[in-house]
Amino acid sequence: MTEPIDSANPDTPALQQDRFWQDRGWTARIIKNEEDDGWAVEMTRDGDPEPALVGPWTMGRDKKNPKPMDGPAFSTLVKTAAEVIRRHEQQLHATLNKSVTVTARDGRRIRVALAIVPDEDNPSATLSAHDDEDDSELASVNVSPAFKLTSGSATAWIEADFARPR
């Protein structure tokens, strides 16, 4: 029997075994659950060092061995693991990119944004101000990644004529 072709890379054949599937840029491994007598499945995206998803796996009819992996189960696991990664990326983006909109003394609405670039050796951050009406950039300065963006700190920065906060 010929193996199906991996749709993410047509040159790589998919590998489909009872406890190990590799296809569409993902690997599913059914493993012994370390916390009880059952089984678990881990889903790892190609190139990632750790699984994106680890969850319980159904026992087979003999109540000793795991149920074999099949196409529909693999597809569901791929969708679920991809969703976990997407939510994690959204949370990380929200943690590293914040913004507040304040009203300046002259009545203009100004959106102040903080963008943090995480780096083990040299993290950095940029504080920027944009006119809320036309989104034109009014100012941009480098700040500490520990800078706390609040309505108060944004207003203080604007009132200091966008001088670099200390």
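Student: What is the mean pLDDT of the protein chain?

Tutor: Start with confidence, since this is a predicted model. The mean pLDDT of the chain is 90. For 92% of its residues, the value is 70 or more. Take care with residues 1-8, where pLDDT stays under 50.

Student: Now the sheets. What holds strands together?

Tutor: Strands of a sheet pair through backbone hydrogen bonds, in a parallel or an antiparallel way.

Student: How many bridges link β4 and β5?

Tutor: Five, in the antiparallel sense.

Student: What is the strand order in the open sheet of four?

Tutor: The order is β6-β7-β8-β9, again with antiparallel pairing. β6 and β9 (137-143) are at the edges with a single partner strand each, so one side of each has no neighbour in the sheet. From one strand to the next, the twist averages 15°. Seven bridges join β6 to β7. Within β7, V112 is the bridge partner of V100.

Student: Which strands of this sheet do the helices touch?

Tutor: α1 packs on the sheet and touches β6 and β7, at about 50° to the direction of β6. Helix α2 (residues 151-159) also packs on the sheet, touching β6, β7, β8 (124-131) and β9. The direction of α2 makes about 65° with that of β6.

Student: How do I read α1 itself?

Tutor: First, the general idea. An α-helix has 3.6 residues a turn, so residues three or four places apart point the same way. Now the case. α1 covers residues 71-96 and reaches 37 Å from first C-alpha to last, close to the expected 38 Å. Its buried residues are F74, L77, V78, A81, I85 and L96. These pack against strands including β3 (26-32), β4 (39-45) and β7 (109-117).

Student: What sits at the start of α1?

Tutor: There, a side-chain oxygen of D70 comes to within 2.9 Å of the backbone nitrogen of A73.

Student: One last residue. Is T44 buried or exposed?

Tutor: T44 lies in strand β4. T44 counts as buried because its relative accessibility is 17%, and the cut-off for buried is under 20%. Beyond four places in sequence, its contacts include W26, T27 and P51.

Terms used. Residues are numbered from 1 along each chain as its sequence is written. This is a predicted model: local features need pLDDT of at least 70, side-chain atom pairs count only at pLDDT 80 or more; totals for chains, interfaces and linings use all residues. Side-chain values use heavy atoms; hydrogens and water are left out. Helices (H or I, at least four residues) and strands (E, at least two) are DSSP runs, numbered from the N terminus. The expected span of a helix is 1.5 Å times one less than its number of residues. Buried means under 20% relative accessible area, exposed over 50%, partly exposed in between (1.4 Å probe, protein chains only). Contact means heavy atoms within 4.5 Å. A polar contact is a pair of N or O atoms within 3.5 Å; within protein, one must be able to donate a hydrogen and the other to accept it, and residues adjacent in sequence count only if both atoms are side-chain atoms. pLDDT is the predictor's confidence in each residue, from 0 to 100. Two strands pair if DSSP finds at least two bridges between them. Axes are lines fitted to C-alpha atoms, for helices over the stretch in contact, and angles run from 0 to 180 degrees between N-to-C directions.
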